[in-house]
Amino acid sequence: MIYPENFENKIGFDRIRSLLKEKCLSPMGLEKVDSIRFLDDFDLLSKELSATYEFQLILTLEDFFPSEHYYKISDSLNKIRIEGTFPEVQEVFDLKRSLETVKTILNFFRGKDAVRYPVLREMCSSVKTYPYVLEAIDRIIDKKGIIKDNASPRLRDVRSELIGKSIQVSKRLHAILKQAQSDGFVEADTTVSVRNGRGVIPVSAYDKRKIRGLIHDQSASGKTVFIEPEEIVEMNNDIVELEYEEKREIVRILTAFADNIRPYIDDLLETNIFLGDIDFLRAKAILGNRLQSIKPGLNSKPVIMWKKAIHPLLFLSFEKTPGRKVVPLEMLLDEKDRILLISGPNAGGKSVCLKTVGLLQYMLQCGLTIPVAEGSEAGIFKKILIDIGDEQSIDNDLSTYSSHLINMKFFVKNGDNKTLVLIDEFGTGTEPMLGGSIAEAILGELNRKEVFGVITTHYTNLKHFASLTSGVVNGAMAFDNHLMQPLFQLNIGKPGSSFAFEIARKIGLPEEILSAASEKAGVKNINYDRHLKDIARDKRYWEMKRQSIRQQEKRLEELMSEYENELAGAKSLRKEIITKAKDEAQKLLGESNRMIENTIRQIKESQAEKEKTKEIRQQLEEFKDVVEEEVKPVVTPTEQKIAILNSKANKLRREKEPDKEVVKPEEKNLPFMKGDAVRMTDTMAAGEIISIKGKKAEIETGTLRFTVSLDRIERITRSELKKSLRSNMPVRENDPEIVQRNIHFKPEIDIRGVRGEEAVNQVRDLIDNALIVRHRHLRILHGKGNGILRQLVREYLATCGVVKSFRDEHVEFGGSGITVVEMDF
């Protein structure tokens with residue numbers, strides 16, 4: 001049950017219907033949108049939501065899904081149920097293309113794993129396609145939707161005769177025209193015209209009797225008449241008779257076709273219904289992806305546990321305004337806290353919160369996915385009853401408050417433990433004391449009947465009631481009382497202040513009026529409101545503190561993990577260095593022992609001759625020098641880190657003081673090498689050496705390369721090179737060509753189906769244009785397939801110096817089927 005009758009208009013679902021209709025491809029889809037209804041059957045609703053979410057995945061992950069030729073063929077099929085009737089040629093053509101679309105859809109799902117899209121595959125299992133029907137159509141209709149000449153032998157003969165007769169008429173008509181031009185009573189530039197489907201010659205009205213024949217028309221001025229020559233009349237009559245015979249033969253062919261497919265009409269109608277279902281699901285999926293909707297966990301019991309829920313229409317509205325974002329809501333209604341009583345300042349978001357609950361729950365129970373975060377859970381309600389807005393009516397003698405009371409009467413009478421009620425500005429419209437008392441009594445009765453609901457109010461007695469009553473919980477819309485502006489955040493558990501005096505003071509209401517109002521309101525009410533503000537302020541303060549502590553703890557954990565990894569690495573490195581040093585020491589010791597033994601042996605063998613002894617000692621000294629060179633002090637991991645940090649610090653210092661970096665005098669005379677930063681002495685253009693061939697060097701500066709003699713360049717520092725390139729960067733924002741490029745530039749290209757070389761050329765053009773208009777973020781849609789096109793694109797990107805990085809798109813937006821490119825300039 002949905003109450004009242006204009007429920008959809010009040011919560012905004014009529015606009016959701018309009019958005020769905022914009023995405024439909026066929027009249028069947030539009031009919032499905034019009035027939036959307038509120039569902040409370042768990043199994044049916046679960047199936048609808050699963051089918052919609054599966055289609056969202058198809059649009060996100062798959063490269064292709066058929067989206068053409070969704071025609072409504074039910075009218076033409078029902079027409080030919082009667083024997084002797086026949087379809088129009090266009091209707092047969094539409095039937096052919098619709099069946100081909102259905103066949104493509106079925107093949108799409110047959111080519112996927114059974115576990116990927118189970119609900120949609122089940123939908124396809126009952127759909128029948130009859131190749132016989134398509135073959136029958138192909139025998140009589142060509143690819144352009146025209147009856148084929150060979151659809152029957154007689155049709156082929158008739159059309160052959162028509163062509164022959166038309167050629168004869170054309171030749172004879174041009175001959176007569178040429179003769180008339182020679183005789184001088186027809187202008188030289190006159191051409192054959194057609195009137196009433198027959199060939200005629202334009203003749204001046206003064207010379208109309210010089211050509212015998214029938215006058216079919218005349219010009220607006222009456223100066224020109226259009227004559228069908230007498231000898232052409234009979235030939236044209238033959239053509240007309242042949243055309244009528246052609247039409248009769250086509251009718252006979254179409255009647256025979258209708259007789260052939262008549263036994264399959266019911267199955268063909270089911271096929272067309274299936275096409276409408278697919279169109280409807282596609283429209284829901286497109287809207288769902290645009291809203292970033294999901295299928296939440298579905299519960300057969302009434303419950304609302306939403307995380308980061310947003311109002312879809314508000315989201316679409318803010319989408320057009322850069323910098324504005326919808327503040328998501330955390331909503332919880334369960335068996336413990338069934339009714340949420342929201343209070344807070346005017347324009348603080350209470351009504352938006354209430355309408356968000358109503359619209360999202362209704363969308364969900366109409367089979368649409370909703371914009372909430374993963375981990376959300378939604379239940380099923382049998383009834384949704386709302387009291388939003390003003391229902392006063394002069395015709396029905398209803399005031400604002402009377403209309404509210406009528407709604408409350410309906411709620412109390414029909415509400416139960418599977419009902420969701422939504423009431424805006426509960427109790428308003430009459431004297432506050434009495435209205436608040438009646439509202440409190442109604443709220444107590446709704447709570448006794450275990451109704452679920454979201455209610456907004458300003459009444460203090462209702463806030464007290466919620467604080468003391470089981471099943472009802474207070475909620476507040478957050479408000480910044482320093483900046484005096486709403487935060488649009490829902491905090492469940494505490495009531496909210498209306499901030500009436502603060503808002504009035506900000507607007508500029510005189511202080512004496514506010515003082516008088518405070519006295520009339522009473523100390524008790526003022527203190528209550530002040531306490532609510534203090535609680536809200538303190539809660540916000542401690543929430544910020546808690547968030548700060550969480551961030552610091554997270555950072556501390558990351559640092560501890562980082563230091564533990566570094567310490568483990570240092571210990572491992574120390575052990576490795578010590579082991580290596582021991583091995584080298586053992587090796588060195590062995591070589592030393594062998595050298596000493598060999599020296600002693602040689603001295604003994606030479607019987608201590610002076611010269612020989614001196615030579616051997618010299619060899620021993622040389623070996624000692626080699627040993628001292630190889631044995632170097634072991635650097636500890638800590639010393640290595642210090643050295644690395646010093647190196648980084650020096651690098652940063654040099655980058656901060658680029659002007660102090662100069663080429664040392666001794667470096668200027670060194671030979672040039674590949675990678676050196678240089679500057680041409682005549683033009684002062686700076687660049688980097690790419691290669692050296694003989695006495696010439698290839699220089700790259702920006703996007704240009706050129707060859708120059710070595711005696712025309714001088715070495716410069718890296719910082720001078722960077723500074724020169726930045727200063728020489730062309731600034732052409734006002735250049736008309738650049739302005740036009742900026743206007744027409746698209747940071748995304750689609751190269752699916754393009755051959756390799758052409759695809760690389762398109763990517764190269766995209767990179768060049770992005771470089772010109774200074775656009776950093778690009779997307780290349782190449783699809784998945786076998787990954788060949790993706791590999792070609794990425795191999796090319798790896799060679800581009802202006803490309804900083806490239807990666808796969810997020811899985812929700814295309815995954816490996818899209819490459820995201822970051823430019824570097």
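Select S74 to begin. S74 is buried, because its relative accessible area is 16%, below the 20% limit for that label. The model on screen is predicted. Colour helix α5, residues 74-79, and S74 shows up inside that run. Now show what touches S74. Setting aside neighbours within four places in sequence, S74 contacts L269 and N272.

**Next stop: two crossing helices**

Select helix α4, residues 42-61, together with α11. Helix α11 covers residues 265-290. How do the two axes cross? They come within 8 Å and cross at roughly 70°. That angle makes α4 roughly perpendicular to α11, because 65 to 115 degrees counts as such. The crossing of α4 past α11 is right-handed.

Stay here and show side chains. On the α4 side, pick E48, A51, T52, F55, Q56, L59 and T60. On the α11 side, pick I278, L281, R282, K284, A285, I286, G288 and N289. These two sets meet. What kinds of residue make up this contact? Seven are nonpolar, five are polar and three are charged.

**Along α11 to R290**

Move to R290, in helix α11. Which residue pairs with R290 in a salt bridge? Select E319: the closest N and O atoms of E319 and R290 are 3.2 Å apart. This pair links distant parts of the chain, with E319 in helix α12, residues 312-319, and R290 in α11. The two residues are 29 apart.

Now jump to helix α6, residues 89-110. Select R97 and D94, which form a salt bridge. Their closest N and O atoms are 2.8 Å apart. Both residues lie in α6, three residues apart, which is about one turn of the helix.

**A pair between strands**

Go on to R779 and E748. Their side chains meet in a salt bridge, 2.7 Å from N to O. R779 lies in strand β22, residues 777-781, and E748 in strand β21, residues 748-750, so the pair ties together parts that are 31 residues apart in sequence. R779 is partly exposed, with a relative accessible area of 22%. E748 is also partly exposed, at 39% relative accessibility.

Then select E62, K112 and R116. Salt bridges that share partners join E62, K112 and R116 into one network.

**Last stop: K723**

Select helix α23, residues 718-727, and pick out K723 within it. K723 counts as partly exposed, at 48% relative accessibility. That is because the label exposed starts over 50%. K723 and A686 are 9.5 Å apart in space, C-alpha to C-alpha. In sequence, K723 and A686 are 37 residues apart.

Technical notes
Residues are numbered from 1 along each chain as its sequence is written. This is a predicted model: local features need pLDDT of at least 70, side-chain atom pairs count only at pLDDT 80 or more; totals for chains, interfaces and linings use all residues. Side-chain values use heavy atoms; hydrogens and water are left out. A salt bridge is a side-chain nitrogen of Lys or Arg within 4 Å of a carboxyl oxygen of Asp or Glu. Helices (H or I, at least four residues) and strands (E, at least two) are DSSP runs, numbered from the N terminus. Buried means under 20% relative accessible area, exposed over 50%, partly exposed in between (1.4 Å probe, protein chains only). Axes are lines fitted to C-alpha atoms, for helices over the stretch in contact, and angles run from 0 to 180 degrees between N-to-C directions. Angles under 35 degrees count as roughly parallel, over 145 as roughly antiparallel, 65 to 115 as roughly perpendicular and the rest as oblique. A crossing is left-handed if the near helix is turned anticlockwise from the far one by less than a right angle, and right-handed if clockwise. Contact means heavy atoms within 4.5 Å. Ala, Val, Leu, Ile, Met, Phe, Trp, Tyr, Cys and Pro count as nonpolar, Asp, Glu, Lys and Arg as charged, and the others, Gly among them, as polar.
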